Amino acid sequence: FYGPSGTGRELAARYMHSISERRGKPFHILDCSFFPAEALGTELFGRAGSEGLLAAAADGSVLLEEVGRLPVPVQNRLEEVLAAGATRCRVLASSSSDLPLAVRDGAFQETLLDRLARASVIMEPLSRRMEDIPVLASHFLDTICQINEIPAIGLSAEVLEVLGGYHWPGNIRELRNAMEQAAILASGTVQPEDLPARIREHVQSGALVVEATPLEPFREEKKKIVDAFEEKYLSDLLLRKRGNVTAAAEQAGMLRSALQRLLRKHRIRSSEYRGIRVGRETAGSARKLPVD
């Protein structure tokens, strides 16, 4: 699955798994951009006393997100395993980078790319497939309602017009997050005022897709991006672990004290996430709260 971040690569992989003969079997994800390079081999193949994802997903599927981040030695071992038919799971892969270019640069093994790319799917940005928005928005709303056991919510014609007038720089992920907010605020049918302000304001003002705003120095721009990532990651983590800081720290592979420092930095209270019933597909953005 090739495409920019947020275009629904994981969603497409899950759908492929769900309609295959492997449905009902495990579906595991290894985000190769998240783990340190030295840990990826262990995550994938396991070690003495613990099994890796390839074994854990027996008869199921494993999605390697950002597969281009795999170190070359891990690529070689994966190629050997796949060539020998030594795993019972199906290996899927996604990438936002140019893997053929990585092959030319010696950063990715051509034999592994040939094996993974026997069937490729190009995931275009949402702005290039606006006709998909009504279907995707309805799907996300239905999923959110089912997971949280709330009555079904519909989309008004006015909302569909607003959604169709926005440029979606965050792609499908941004649409999903917008539907999460709408599900919280809506009463029966989603109205324009239930959508995030940035979407309404952009459509109302007729803003250009690329705005001529000056860039700040590199350090400041990088800090903004890192802060946004940390807030989103912490929120998703706490939602999945329902506010359990110890379990969240274990999932993140970091010390509990380090996680607590990050929560304080972003003014996020773990207590606000306890008891929230939200699944992986509906994890939202961080909620910043005053520090006690």
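## Second largest pocket

In this predicted model, the second largest pocket has a volume of about 480 Å³. A pocket here is an open set of points on a 1 Å grid over the protein atoms alone, with protein on both sides within 12 Å along at least five of seven lines, and lining residues have an atom within 4 Å of a point. The volume is the space filled by probe spheres set on the points, which are joined across faces, edges and corners.

Of the 23 lining residues, Val91, Leu92, Arg115, Leu116 and Ala117 are the closest to the pocket centre. Strand S5 (90–93) and helix H6 (110–116) each supply at least two lining residues, and S5 gives the largest share, four residues. Helices (H or I, at least four residues) and strands (E, at least two) are DSSP runs numbered from the N terminus.

## Aromatic pair and cluster

Rings of Phe, Tyr and Trp (its six-membered ring) pair if their centres lie within 6.5 Å; planes under 30 degrees apart count as stacked, over 60 as edge-to-face and the rest as tilted. The count comes to four aromatic pairs. The ring centres of Phe34 and Tyr233 are 5.3 Å apart with planes at 25°, so this pair is stacked. Phe34 lies in the loop between strand S1 (27–31) and helix H2 (37–45) and Tyr233 in helix H11 (residues 218–240), so the pair ties together parts 199 residues apart in sequence.

Phe34, Phe35, Phe229 and Tyr233 form one aromatic cluster.

## Basis

Residues are numbered from 1 along each chain as its sequence is written. Local features need pLDDT of at least 70, side-chain atom pairs count only at pLDDT 80 or more, totals for chains, interfaces and linings use all residues, and side-chain values use heavy atoms, with hydrogens and water left out.

How values were computed:
1 Å grid on protein atoms, 1.4 Å probe; cavity = no way out; pocket = protein on both sides within 12 Å on 5 of 7 lines; lining within 4 Å.
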